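User: Hey, I'm new to this one. Can you walk me through it?

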Amino acid sequence: MSRTVIRGGLVITAAEEMHADVLVEGEQVVALAATGSDAADAWTADRVIDATGLYVIPGGVDAHTHMQLPFGGTEASDTFETGTRAAAFGGTTTIVDFAVQSVGSSLRAGLDAWHDKAAGVCAIDYSFHMILGDVNDASLKEMDLLVDEGVTSFKLFMAYPGVFYSDDGQILRAMQRGAANGGLIMMHAENGIAIDVLVEQALAAGRTDPRYHGEVRRELLEAEATHRAVKLSQVAGSPLYVVHVSAASAVAELAKARDEGLPVFGETCPQYLYLSTDNLAEPGFEGAKYVCSTPLRPREHQAALWRGLRTNDLQVVSTDHCPFCFVGQKELGRGDFSKIPNGLPGVENRMDLLHQAVLDGHLTRRRWIEIACATPARMFGLYPRKGTVAPGADADLVVYDPAAEQTVSAATHHMNVDYSAYEGRRLTGRARTVLSRGTVVVDDGVYLGRPGHGRYQPRSTCQYL
Ligand SMILES: [Zn+2]
């Protein structure tokens, strides 16, 4: 078995920081020992990676991506091959993507289709949540089977009537089933029925520009849906994980539920922490680049999101990576904002944007690792195989240079999309060497991995319950 030692770095996990050497055998971390100690110095290895002056962190776990998602008459532009390669460049070594059950179809058919898309092409490890697009007796029964085989989380939509939407009765039934079988219900919490009325009214009044996407998807309709989801989960006796929280008032709903002791969790995304309705209002049709749902909010909401991450009212930062090219895809919505495919690229940028937040004073280093690696792994049943640096864990490791400077740009990123939501932004910090299960997949900006290295990861149930 090949042995690698990473020497001299500052190992950072969610729990601690220590100057330690890390010994990797085959695909796993087998030991840590203080740098310079007799134990560490006695290790022999086939390869030594010098991490002096650098961090050694667990690979990022991005629990919310949509590679190749069919949406709005087109398809997300990253395949599992391009998207996972880009993730690796950004220091993320596990993604949890969303398989989709379409209306009239089974969960099994949807899951099989996503396995087919991902098999043999991923650069890093991957797993699946299941989108419940059609809650009925048959799909409720199928949920049990999926939990047993390692698909332990199910996403429901209070938005997108006619596409992914579930009514309150369907939501309640799915939550009851989750309460019984251990599946975690993930919720897109926006009142889509009310939003569709406002969309129709805006378009009828000639308000067709991208910025109206943000205006009709009112903050109140995110807060109302979040509140309703909490109450429905309470009735069902099930846990709840609210995805892509963007509104301050929605954070308040989650905080209130958690204060009451309910098993309610929340995720936000870098776009809500760094971008705002100012971007949606960029002149010409540029605002289309920032159309996603929930929408970007006025800048004032960012403070509430950062605070929620510090107080643990929000526990996870995922990307909701769902890229559409500006040319030919976002452009489908010229003259009608409701036809702009919803989604932003970001899987490559998350670890660095959150490291920048450490430098900016929003987060501690350990909290950075907690929200980006450890908690998503625990939330979705992958810990401690993923999300930490410890004996027995997979050797998904990032040697991270906290002083490296970069300027984010579509010209240099690796995502298969023709723009960056963070174009021109200067960030300090960058993954230098990325290992996936002991194999170096990125080193100094060079891709050394291969399609098919990434392996499907069945998951246990949520580890917070
Ligand atoms: Zn999503």
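User: How many bridges join E6 to strand E9, residues 92–100?

Analyst: Four bridges join them, and the two strands run parallel. Keep in mind that this is a predicted model. One spot to look at is Thr65, which stands opposite Asp97 in E9.

User: What order do the strands have in that open sheet?

Analyst: The order is E6-E9-E10-E11-E12-E13-E14-E15, eight strands with parallel pairing. The edge strands are E6 (60–65) and E15 (316–317), and each of them pairs on one side only.

User: Which way do E11 and E12 run?

Analyst: They run parallel, with five bridges joining E11 (residues 153–157) to E12. Ile185 in E12 is the bridge partner of Phe154.

User: Switching topic: where are the cis peptide bonds?

Analyst: One joins Ser293 and Thr294, with omega about -5 degrees. Thr294 sits in the loop between helix H11 (277–280) and helix H12 (301–311). Another goes from Tyr383 to Pro384, with omega near 0 degrees. Pro384 is in the loop between helix H14 (365–379) and strand E16 (397–407).

User: Why point those out?

Analyst: Because most peptide bonds are trans, and likewise most residues other than glycine have a negative phi.

User: Then what about His244, what's its phi?

Analyst: Positive, about 30 degrees, although His244 is not a glycine. His244 lies in the loop between strand E13 (240–242) and helix H9 (248–259).

User: Is His244 buried or exposed?

Analyst: His244 has 1% relative accessibility, so it counts as buried. Asp320 also has a positive phi, near 55 degrees, and lies in the loop between E15 and helix H13 (350–359). With a relative accessible area of 9%, Asp320 is buried.

User: Zooming out, how many helices and strands are there in the protein chain?

Analyst: The chain has 14 helices and 19 strands. Its radius of gyration is 21 Å, close to the 23 Å that the globule rule gives for 465 residues, so the chain is as compact as a globular protein of that length.

User: And how much of the chain counts as buried?

Analyst: Of the 465 residues, 60% count as buried.

Technical notes
Residues are numbered from 1 along each chain as its sequence is written. This is a predicted model: local features need pLDDT of at least 70, side-chain atom pairs count only at pLDDT 80 or more; totals for chains, interfaces and linings use all residues. Side-chain values use heavy atoms; hydrogens and water are left out. The radius of gyration is taken over C-alpha atoms; the globule rule is 2.2 Å times the number of residues to the power 0.38. Buried means under 20% relative accessible area, exposed over 50%, partly exposed in between (1.4 Å probe, protein chains only). Two strands pair if DSSP finds at least two bridges between them.
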